Amino acid sequence: MIKKTTAFYVVLVGSLASFMAAYTSNAVTMALPELARVFHLSNILQNWTINLYLLTMAVLSVPFGKICAKKGLKKSFFYGALVFFIGTAGIIMAANTEMLLLFRFIQAIGSAAIFVSSVSMIVKAVPNNQRGRALGINIASVYIGLSLAPVLGGSLTYNFGWESIFAITLPVSFIVVVLTYLKIKEEWKLDANDPIDIKGSVFYGIGISAFMYGFTELHTLTGQAITAVGVIFLIIFIYYELKQEYPIFNVRLYKNHKFLSSNIASILSYIATFVVTTIVNYNFQYVRGFDSQLSGLILITFPLLMAIVAPAAGKLSDRIDPQKIATIGMIIVTVGLILLVPLDKDTSIVIVLASLALQGIGYGLFASPNINTIMSSVPPKDTPMASSAVATMRILGQTLSTGILTVIFAIMMGNVIIQPSNYPQLISCSQITLLIITVISALCFIVCHIGYKSKDKLYF
């Protein structure tokens, strides 16, 4: 019998760690101009400060789903938080670009373990009739982290330098490590005797790495070739996994149309929304000349409203078909993106705020119900794999989102330092990217609706 106090602490540390990882991933966006100045980063390399973090998490999320289940969800979460702490401390002390990227990589390893194991722990520790609400709290913590990232990241960078945006996460990660060790005594192991599918992990790692890196270089023949290699290895991975008794990821789960549609919707939603903060931040700090502090105060709108709406939407999804709620949410997101497509130096701040508000409310309605559907559409023994799918779709979507902007940058601007002479090209790149992600957002709510109509089984 799981103690009530254990469920409380699982939700607490899971939410704190998710907050921390989300804040760190998004706050760096506000520091990109400062990092570019200190480390002499080009526009492409600025984006890779984000992409490396996401790529590492994408590669590790699938094997970590199996490894965390086998070795223990609590143990995996504990060591993930510890590695995150070490990576964050290293970033603060980075003296050059190589050190910055190395410790960003280490930080991402910890984040991957956190994201995969935290959702699975919550599903295992919290009663079924409260799971939607608990997942809603966890999702809200992610977006509270995202909501504080622009204003805190901008303000801290402006007043204390880029290092401070990472420094404030050190006490939080320390608290997570200590609470996990002292307060969570239970351990959850699934498939403890199953072997780890090393070959499948290698196929997946090569495939997803090549695909994601190649996508960011899609404007070149080399990038197109690398992307094709990635797709081939991912096809090999799927074919290989279908034949395994103990796969690293059970791809048969995608035969459930609710699971399939919710995962597709998840990746499309992240592609449609993740890069918005970067685009608007570039418009504010470069084109309009706002400082990072003011930019952050405006950008807080989206994630703050998301954080307010998500817990209520998660609770509602315990009673109403979650994909119905998710569909409505993505329709609202799409309307918000349509408002932002013409963004330039003369676009009214009121229009920008209205767009961010609609996106925040809509995504708040979408996110936790969509995750609830994913976790509910697999047998209980497969919850770690479902959690792995949640993390992978998030990361892949975020990477492809910034990748779209990176490719458009490379085609229209080249690998250059952003300065006033190329602001017109920066605006054009932003508008093209916004148009593309608006179409993707529309596809997302169509996919949600298709999943809602599916009669496939939910297990919880």
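Predicted model: local features only at pLDDT ≥ 70, side-chain atom pairs only at ≥ 80, totals over all residues.

User: How do α4 and α8 pack, in angle and axis distance?

Analyst: Helix α4, residues 73-92, packs on helix α8, residues 169-183, at an angle of about 160 degrees, and their axes are 9 Å apart. Because the cut-off for roughly antiparallel is an angle over 145 degrees, α4 counts as roughly antiparallel to α8, and the crossing of the two is left-handed.

User: Which residues make that contact?

Analyst: On the α4 side they include Phe 77, Phe 78, Phe 84 and Phe 85, while α8 contributes, among others, Leu 170, Phe 174, Val 176 and Val 177. By class, the contact of α4 with α8 has 13 nonpolar, four polar and one charged residues.

User: And at what angle do α17 and α18 cross?

Analyst: The axes of α17 (residues 383-412) and α18 (residues 423-453) cross at roughly 140 degrees and come within 10 Å, and this crossing is right-handed. Among the residues in contact are Ile 404, Ile 408 and Phe 409 of α17, together with Cys 429, Ile 432 and Ile 436 of α18. The contact of α17 with α18 divides into 10 nonpolar, three polar and no charged residues.

User: Switching to cysteines, how many disulfides are there?

Analyst: The count comes to zero disulfides. For Cys 448, the nearest cysteine sulfur is that of Cys 444, 4.4 Å away, whereas a disulfide would need the sulfur atoms within 2.5 Å.

User: Is Cys 448 buried or exposed?

Analyst: Cys 448 is buried, at 1% relative accessibility, and Cys 68 is also buried, with a relative accessible area of 4%.

How values were computed: Residues numbered from 1 in each chain as written. Heavy atoms only, no water. Axes fitted to C-alpha atoms, helices over the stretch in contact; angles between N-to-C directions. Helix = DSSP H or I, 4+ residues; strand = E, 2+ residues; numbered from the N terminus. Parallel < 35°, antiparallel > 145°, perpendicular 65-115°, else oblique. Left-handed = near helix turned anticlockwise from the far one by under 90°. Contact = heavy atoms within 4.5 Å. Nonpolar A, V, L, I, M, F, W, Y, C, P; charged D, E, K, R; others polar. Buried < 20%, exposed > 50% of the residue type's maximum accessible area, 1.4 Å probe, protein only.
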